Amino acid sequence: MTEATFPQCRIVTERLLNPDTTERLLNKVVSVAGVRRMVLNGPRLPLTVPYGPSKGIDNPHPMRKTIRVGDQEIPLQVHVGTVLLEIESRDVIPALKAAIEPVFPDFTFYIQEGRYMKTEPSLVDYCKYGPNADKEMLGLSDPSSKSKPIILQGIK
Amino acid sequence: MAYKPQYCAGQTIVAANRRKQMDPAHKLSKLRDVTDKDLVLIMGHRAPGSAYKSAHPPLSEQQEPACPIRKMVTPTDGAKAGDRVRYIQFADSMYNAPCHPYLRSYLESYRFRGIDPGTLSGRQIVECRERDLEKYAKDLVNTELFDPALVSVRGCTVHGHSLRLDENGMMFDMLQRCILDKKSGIVKYVKDQVGVPLDTEVKVGKPMDAKWIKANSTIYHSLVGTAYRDDAELIEYIQRIHSLRVKYGFMPKEA
């Protein structure tokens with residue numbers, strides 16, 4: 001169960017990240033013990049053009065790739081700009097910072113502590129998941145989305 | 001004394017650039033050579049080489065009502081020929097793009113005839129007769145108003161103005177109309193402005209270097225360029241306008 005007391009932080013970079021940089025970053029993040037949940041935020045990169053005169057045609061995009069984090073394949077759906085993290089304690093943040101520092105030699109980043117993910121179900125969550133929603137899934141994706149969170153296994 | 005327009009207040013390089021771009025007496029420096037055919041491809045309104053479609057017969061062939069205004073105003077080439085009205089739209093990154101939507105509308109109004117500019121927060125559209133548009137688009141793309149990385153021709157799905165740049169220094173584009181060829185360092189359009197793939201790539205040149213970008217920016221940005229609050233003259237001007245607008249309902253009288 002997600003406790004409201006778990007601290008959260010986010011990694012914000014100066015530039016939007018290429019898929020290979022995202023892969024390197026996430027592999028560093030999962031190497032740090034104490035990260036519970038993670039959300040990749042950024043502008044969406046749809047498979048087909050969703051609106052406008054060219055609606056419906058394929059939208060090949062070099063920033064939408066499948067990356068490998070731990071042993072898991074992750075198909076990126078966004079151009080990653082921010083990584084939201086739920087961590088087990090605030091002590092994880094310095095270790096996290098030290099781990100990801102080498103990933104960004106060319107531009108800056110910062111880690112902010114705050115509250116960025118849902119910890120309680122909203123009305124929309126209630127409509128979608130009902131009264132017994134799995135709290136670990138809350139805040140990881142839009143309730144109206146059909147995609148499911150990816151569980152990174154074998155990293156501990 | 002004859003009236004001399006001042007165009008824009010401010011003491012910083014950003015204000016100077018704005019004045020320079022708005023002043024029709026200043027000749028915009030040409031930085032790249034995108035051909036007419038390439039521009040027609042990027043805009044996607046007609047096939048290169050095809051005839052202009054018309055919305056009405058040429059003015060010389062139709063009876064015009066007796067109108068003193070029509071006698072005074074010389075029609076543009078496009079209006080004379082009865083061309084359709086078509087558009088070009090630009091998205092400008094707020095990370096020191098050399099032009100921005102408000103300024104585009106101002107400078108186009110000073111420099112071009114027969115146009116209908118539309119200004120939005122992160123993009124600007126200009127509509128006019130098709131053959132006039134192609135002429136104006138050349139000025140907008142080939143001169144110092146354009147940078148291949150920070151300015152983009154986008155008819156729709158324009159989101160990118162306020163987003164961080166990507167690692168290659170390009171503005172975000174959900175449809176990835178233009179890509180940076182890492183080997184040659186040249187930006188190529190692979191889709192037209194509404195996202196329909198092009199048969200041939202259109203090269204628009206190399207992105208300008210950081211020094212040029214900073215020296216030619218027309219956007220105030222406290223993190224990557226000149227901060228708005230550093231321009232005392234512009235702040236004074238804006239505060240005056242703001243104050244007068246607020247007081248307007250109370251019949252302001254200046255001392």
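Is H61(A) buried or exposed? H61(A) is buried, at 7% relative accessible area. The legends below describe close-up views of a predicted model.

**Figure 1. H61(A) meets residues of chain B.** H61(A) sits in a loop of chain A, between β2 (35-41) and β3 (66-69). With a relative accessible area of 7%, the residue falls under the 20% cut-off, so H61(A) counts as buried. Its contacts, leaving out residues up to four places away in sequence, are L45(A), D173(B), M174(B) and Q176(B). One of these partners, Q176(B), also makes a polar contact with H61(A), side chain to side chain, at 2.7 Å.

**Figure 2. A cavity is lined by residues of chains A and B.** Searching the whole structure gives one cavity of 30 Å³ or more. The space in the largest cavity is about 70 Å³. From chain A, H61(A), M63(A) and H79(A) line the cavity. From chain B come R154(B), D166(B), M170(B), M171(B), F172(B), D173(B), Q176(B) and C178(B). Sorted by class, five lining residues are nonpolar, three are polar and three are charged. H61(A) and Q176(B) both belong to this lining, and their side chains are joined by the 2.7 Å polar contact. D173(B) is another lining residue that H61(A) touches.

**Figure 3. The largest pocket holds about 1300 Å³ of space.** Its lining has 34 residues. Those nearest the centre are M38(A), V39(A), L140(A), P149(A) and I150(A). In chain A, α1 (19-30), β2 and β4 (72-75) each give at least two residues to the lining. β2(A) provides the largest share, seven residues. The lining comprises 19 nonpolar, seven polar and eight charged residues. The loop that carries H61(A) lies between this β2 and β3 of chain A.

**Figure 4. The second largest pocket has about 660 Å³ of space.** Here 27 residues form the lining. E14(A), R15(A), Y95(B), L165(B) and V224(B) lie nearest the centre. At least two lining residues come from each of β1 (8-13) and β6 (109-114) of chain A and α7 (210-216) of chain B. α7(B) supplies the largest share, three residues. By class the lining holds 15 nonpolar, six polar and six charged residues.

**Figure 5. The largest nonpolar core has 43 residues.** I88(B), F90(B), F146(B), Y189(B) and V204(B) touch the most other members. Among the elements of chain B, helix α6 (residues 130-142) gives this core the most, five residues. A second, separate core has 27 residues, including L76(A), I87(A), V103(A) and F107(A). In soluble globular proteins, nonpolar side chains tend to be buried together.

**Figure 6. F90(B) and its contacts.** Leaving out residues up to four places away in sequence, F90(B) touches R104(B), G122(B), R123(B), Q124(B), L140(B), V141(B), F146(B), V151(B), S152(B) and V153(B). F90(B) and F146(B) are both among the core members that touch the most others.

**Figure 7. Helix α2 of chain B is mostly covered.** The helix runs over residues 36-43, and six of its eight residues are buried. These are D38(B), L39(B), V40(B), L41(B), I42(B) and M43(B). They pack against β1 (85-92), α6, β4 (151-153), β6 (186-191) and β7 (197-205) of chain B. G44(B) follows the helix and has a positive phi, near 75°.

**Figure 8. Y228(B) lies in a loop between two helices.** Y228(B) has 34% relative accessibility, which is between 20% and 50%, so the residue counts as partly exposed. Not counting residues up to four places away in sequence, Y228(B) touches Y220(B), L234(B), I235(B) and I238(B). Y228(B) is 164 residues from E64(B) in sequence, and their C-alpha atoms are 50 Å apart.

**Figure 9. Chain B has eight helices and seven strands.** The C-alpha trace spans about 60 × 60 × 30 Å along its principal axes. Of the 255 residues in the chain, 46% are buried. Among contacts in chain B with a separation of 6 or more, 63% join residues 24 or more positions apart.

Key:
Residues are numbered from 1 along each chain as its sequence is written. Chains are lettered from A and ligands numbered from 1 in the order in which they are written. This is a predicted model: local features need pLDDT of at least 70, side-chain atom pairs count only at pLDDT 80 or more; totals for chains, interfaces and linings use all residues. Side-chain values use heavy atoms; hydrogens and water are left out. Helices (H or I, at least four residues) and strands (E, at least two) are DSSP runs, numbered from the N terminus. Buried means under 20% relative accessible area, exposed over 50%, partly exposed in between (1.4 Å probe, protein chains only). A polar contact is a pair of N or O atoms within 3.5 Å; within protein, one must be able to donate a hydrogen and the other to accept it, and residues adjacent in sequence count only if both atoms are side-chain atoms. Contact means heavy atoms within 4.5 Å. On a 1 Å grid over the protein atoms alone, a cavity is a set of points where a 1.4 Å probe fits but cannot get out, and a pocket is an open set with protein on both sides within 12 Å along at least five of seven lines; lining residues have an atom within 4 Å of a point. Grid points are joined across faces, edges and corners, and a volume is the space filled by probe spheres set on the points. Ala, Val, Leu, Ile, Met, Phe, Trp, Tyr, Cys and Pro count as nonpolar, Asp, Glu, Lys and Arg as charged, and the others, Gly among them, as polar. A nonpolar core is a set of buried Ala, Val, Leu, Ile, Met, Phe, Trp, Tyr and Cys residues joined through side-chain atoms within 4.5 Å.
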